[in-house]
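Open the model in your viewer and show it as a cartoon. The tour below goes from one selection to the next.

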Amino acid sequence: MVLIAEDEPGQAEVLKYNLESSGFGVRTSPNGADTLQQIEEDRPDFLVLDWMLPEISGIEICRRLRKIEQNKDLPIIMVTARGEEEDRIRALEVGADDYMVKPYSSGELVARINAVLRRTSPALIGEKLEFADLVLDLVSRKVKRDGDFIHLGPKEFKILQALMQRPGRVLSRRQIIDLAWGQNIYIEDRTVDVHIRRLRSALGGDDKPNLIRTVRGFGYSLDQE
Ligand code: CA
């Protein structure tokens with residue numbers, strides 16, 4: 001999840017829209033105190049931080065975050081109207097990973113976020129699974145079918161992830177339980193069927209080609225008919 005700390009609602013909205021379109025999960029924060037609180041409670045994967053924020057400035061937030069062990073590695077891009085070279089240097093000195101000057105293009109910001117993530121959190125990036133017209137993004141935890149976002153419950157998401165990581169392979173109900181619920185957890189087999197039904201319905205039900213094949217008496221696989 002990307003946290004956008006920006007006090008101008010219009011700018012926050014545009015940015016949120018663009019990041020969501022690029023597959024990121026997004027939250028916003030209008031001031032410094034709230035930003036620190038959200039970081040503490042929601043542990044974002046990335047912070048887009050406006051320099052001039054009410055209550056606590058972006059620079060101060062950056063400085064504070066870098067002093068806390070668990071936030072030392074939180075990737076941060078500072079955003080500001082100030083473009084003087086010494087401002088850029090100051091932003092990088094307090095620990096920002098990158099710096100953008102307003103007005104900037106949202107496309108460039110998304111590209112820079114990806115570049116920073118590639119450098120700082122390689123495990124988070126490129127984790128996109130694709131099958132037929134399905135795209136599952138492990139970073140933003142979003143799923144798209146034929147370009148449209150699909151809302152899935154957490155178990156449906158994990159089941160789809162398990163299937164998409166093994167396209168064409170038949171997974172038993174027990175294997176699906178291990179992958180989606182965890183090992184050594186007692187779940188009845190028919191609970192898997194219930195979640196598969198929900199998953200199929202979320203993926204379009206009868207309106208779209210069914211990508212999840214039932215293998216009678218055994219389990220399921222991801223297949224194109
Ligand atoms: Ca501002």
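This is a predicted model: local features need pLDDT of at least 70, side-chain atom pairs count only at pLDDT 80 or more; totals for chains, interfaces and linings use all residues.

Next, show side chains on H8. Val192, His195, Ile196 and Leu199 are the buried residues of this helix. Their arc around the axis is only 105 degrees, so they sit on the same side of H8. Turn to the other side of the helix, where Arg190, Arg197 and Ser201 are exposed.

Now check the length of H8. Step past the end of H8 to Gly204, which follows the helix and has a positive phi, near 125 degrees.

Select Lys102 and Pro103. The peptide bond between them is cis, with omega near -5 degrees. Pro103 belongs to the loop that runs between strand S5 (98-101) and helix H5 (106-120).

Go to Glu55, in the loop between strand S3 (46-50) and helix H3 (58-67). Glu55 is not a glycine, yet its phi is positive, about 75 degrees. Is Glu55 buried or exposed? Its relative accessibility is 63%, and exposed means over 50%, so Glu55 counts as exposed.

Then pick Arg141, which lies in the loop between two strands, S7 (134-137) and S8 (142-145). Arg141 also has a positive phi without being a glycine, at about 55 degrees. Because its relative accessibility is 46%, Arg141 counts as partly exposed.

Finally, zoom out to the whole protein. Colour by secondary structure to see eight helices and 12 strands. The C-alpha trace spans about 65 × 35 × 25 Å along its principal axes. Switch to a surface view: the accessible surface is about 11800 Å², and carbon and sulfur atoms account for 47% of it. Of the 225 residues, 46% count as buried.

How many of the contacts with a separation of 6 or more come from residues 24 or more positions apart? The share is 53%. Last, colour by charge: the protein has 33 positive and 38 negative charges, and their mean positions are 6 Å apart.

Terms used. Residues are numbered from 1 along each chain as its sequence is written. Side-chain values use heavy atoms; hydrogens and water are left out. Buried means under 20% relative accessible area, exposed over 50%, partly exposed in between (1.4 Å probe, protein chains only). Helices (H or I, at least four residues) and strands (E, at least two) are DSSP runs, numbered from the N terminus. The arc is that of the directions from the helix axis to the C-beta atoms. Contact means heavy atoms within 4.5 Å. Accessible areas come from the Shrake-Rupley method with a 1.4 Å probe; for residues, only the protein chains shown count as cover. Lys and Arg count as positive and Asp and Glu as negative; His and the chain ends are not counted. The place of a charge is taken as NZ of Lys, CZ of Arg, CG of Asp or CD of Glu.
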